[in-house]
Structures are given as structure tokens and as C-alpha cells.
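Let's take a walk through this fold, strand by strand and ring by ring. Have the structure open and turn it as you read.

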Amino acid sequence: MPELETKAPEKKKEVRRRPVKRRKKMSPMESFLSGILPWRGDSRGEIVRKLVLIISTVILIVAGIIMLNFYVFRDNANTEDAQHWADLKQQNASDDVITIIMDDDEGGSSESGSGEEVEVLEEYYGYYEQNNDFVGWISLFPYIQYPVVQYTDNEYYLKHNFSGGYNENGTIFADYQGKITKDSMPGNTLLYGHNLITNNFFQPLSNYRKKGIEFLKENYTLQFDTLYKRNYYHIFSVFLTNTKTEHGEVFEYWKKVNFSSKTEFDDYVAEVLDRSYFYTGIDLQYGDEILTLSTCDFSMFSDMRLVVMARKVRDDESLTLDTSKFIDNSGFDEEGKVQRKMFDAYYETYGREWAGRKWDPSYIKDYKNY
């Protein structure tokens, strides 16, 4: 038999293994921090993710601080509170009329004594002395109680308080185009006020939209006293409107402070009634004085306006209205169409269209274009 060749067994290659390094057990705090901060042993992608999270968190915190400073921890916060002003008004309450010498050129009291003698309501004279831009006082008790100023533009008091100090929240002011004087009022007095999260200034006007007709029935009379005279107004319209052309037609209600003709007045008021959440049965006629309160609203789309409009109570009228005759126009008709006029973005978003003009023509005396 031939001899069998035997092969020596092959030697196995030795594989050297690196010792596994075990991470030191982390404390609860280290475990928490390693989850949000770049940590030794993290991959490049993990480090990037954590850095993005940190930067986003810092931005959010800064934005929060800015919001708190704007709405809560702001300078002179008490001067924006309705109760603060209501208390001051109560302390100064008086039905007396006093005579002052007013310098028409400078808009203030004349120290030289060369100005015109003017009768003013005594309870408001102190505010006028403090700020000669003071023109009146708006009251929707107990929600809105504030002095009103009027300047040479509509920008200054957007970010200045009643005392003239810089403040992002501003104060309530009258449109400069409709001058309020001892002898006359504009056909449409427009008052502007911010809608603050602190419920100050014109924020309470949102209750007409949120709480509906029941709130209106309890709060349908406004009082706007000028420095010279007391005035009462009955609300005839509450509406929302857009301010951006990309959302559709813009109703520029703020551009009408005076009316040159009956047609101009009638057509303007008709547009207001078309958009109203409610009808209170108030009739309007050319020559009536209108009071308009305007504030921002973000309930549907960005930068909208919530507007409350009222007509001055005539000398022969009662301050009390029959609220059983109030009509809620905030809903939809039997075909699902929206009853108040809105704008393209609303119709497209909610799949609705306007039902058309349906208010009582007698709301506007001798209206020809119904």
C-alpha cells in the first residue's frame, strides 16, 4: 500500500481583539444632559440634531420673553387698565362746567391770557392739563374706560401712552382727519385702540363677536364725552373686515370721516349694514353723527379689523332700546349661505358665499340704491 501523506495541521491565525471600553455609568443628570447637549461619543449627525434643537429652544425662549414684556411686564402697566382710569374718573366726577382760556395756535391753555375763553366739562379738565392732546373720554362700562387723545397723525399714539411716554401698547386715539373741536364733530369719529391679551383698551370689543347678541343686548349704548360735551351713541353694527387685498375686496371704512352728500353717507352705511353681525333697528339719516371703534382681530385671518359702529342718540330719543327687536345676522340662511358680507378668502376657506343684502331698507332714511 502506498504511504499516505499526512499534512501538518494549519495553525489558526490569531485575531487580536480590541478590548471593549465600557462607558461609565451616567448619573441621572448626565443622562438628561447627554440627551440634549453634544456629548462625547455622539455621531456627527447627532451633534447637528442637538445643535438645531438648542438654537430653536433659545429662539423660542427669547420670543416668549419679548411677548411677556410686551403684554405683561411693561412700563406703566396700570395706566392701561380700565379700572385704573375708571377710578380716576369717579374721583373727578362732576357735572360742572368751567371756563378756561385756550390758545388755538398751540392747542393748549394760554398762559398769556390772550387766547379764547372756552367752556369745558370740569371733570375732564385735569386730563387736558396733563396732555393738551386730550379730546374726550370713551365709556363702555365697565369694560372700557379711557381718555382719548388726538394728534396730527395716526402713528404717534400707536406707541405712546397718554402721558406721552414710549409704550408699545399705545393708547386710544381719534383719527386725526376728523378734528374734534368745541364747535363741531366729524361725521364719523373713528377711535383706534389695540386689542391686548391683558383685556385692556379695545380687547373687550371681541365680546360682541364671541358672546353674540346676548352681550349686545346688555351693552348697546356707548358714551363718548368730549372735553366740551356729553354724548351717547347706540350701536347699529358690529363687523369683521380684511385689510389685505390678497384676501379679497378691502372695505376701507377708515377713509370716511366726513360725508359730502346724502348719497355718500347712505352708500357707506349700507356697506356697513351688509357686513353686520347684528341689526338693532337703529335708523340712520344723512347728518347723523357716527362713532366708530376699531381694533385688530386675528380670529380668522391675519391682520383683520373688528369694528363697532354707533349712531349718536338724538335729542328726542330714549337711551333705552327694545332689545327684543334685535336681529342676529351672524349665522347662515336656509341655503347655507353666510348672511353677512365677508371677503373672498373667507368664502373660499369655508365654502360659503354671501346670501346678499337683506336688511330692512327703512334702516336708512329714503335710501335709493337698495
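Two strands count as paired here if DSSP finds at least two bridges between them. Helices (H or I, at least four residues) and strands (E, at least two) are DSSP runs, numbered from the N terminus. Before we go on, keep in mind that this is a predicted model, where local features need pLDDT of at least 70, side-chain atom pairs count only at pLDDT 80 or more, and totals for chains, interfaces and linings use all residues. Residues are numbered from 1 along each chain as its sequence is written, and side-chain values use heavy atoms, with hydrogens and water left out.

Start with the barrel. It is closed by 8 strands in the order β4-β5-β6-β7-β11-β12-β9-β8, and the pairing is mixed. As a reminder, strands of a sheet pair through backbone hydrogen bonds, either parallel or antiparallel. Look at β8 and strand β9 (residues 232–241): they pair in the antiparallel sense over 3 bridges. Gln223 stands opposite Tyr232 in β9, and a hairpin of 5 residues joins β8 to β9. β8 also runs antiparallel to β4, with 4 bridges joining the two; here Ile138 has Phe224 in β8 as its bridge partner. Strand β8 (residues 221–226) is mostly covered, with 5 of its 6 residues buried (buried means under 20% relative accessible area, exposed over 50%, partly exposed in between, using a 1.4 Å probe and protein chains only).

Ala174 has Leu191 in β7 as its bridge partner. Leu191 turns up again in the largest nonpolar core, which has 86 residues; Ile138 and Leu191 are those with the most contacts inside it. Such a core is a set of buried Ala, Val, Leu, Ile, Met, Phe, Trp, Tyr and Cys residues joined through side-chain atoms within 4.5 Å. Leaving aside residues up to four places away in sequence, Leu191 touches several others, including Ile138, Val148, Phe202 and Phe224 (contact means heavy atoms within 4.5 Å).

Now for the rings. A search of the whole structure turns up 34 aromatic pairs. Trp85 and Trp137 make one that is edge-to-face, 6.1 Å centre to centre with 75 degrees between the planes. Because Trp85 lies in helix α3 (residues 82–92) and Trp137 in strand β4 (residues 134–140), this pair ties together parts that are 52 residues apart in sequence. Both Trp85 and Trp137 are buried. To count as a pair, rings of Phe, Tyr and Trp (its six-membered ring) need centres within 6.5 Å; planes under 30 degrees apart are stacked, over 60 edge-to-face and the rest tilted.

Ring pairs also link Phe239, Phe251, Tyr253, Trp254, Phe259, Phe265, Tyr268 and Tyr286 into a cluster. Charges get involved with rings too: Arg340 lies over the face of Tyr277, at 4.3 Å from the ring centre, and the charged end of Arg352 sits over the ring of Phe332, 3.7 Å from its centre. The test is that NZ of Lys or CZ of Arg is within 6 Å of the ring centre and within 35 degrees of the ring normal.

Finish at Asn131, in the loop between α4 and β4. Asn131 is buried, with a relative accessible area of 9%, and touches Val149, Tyr157 and Phe162, not counting residues up to four places away in sequence.
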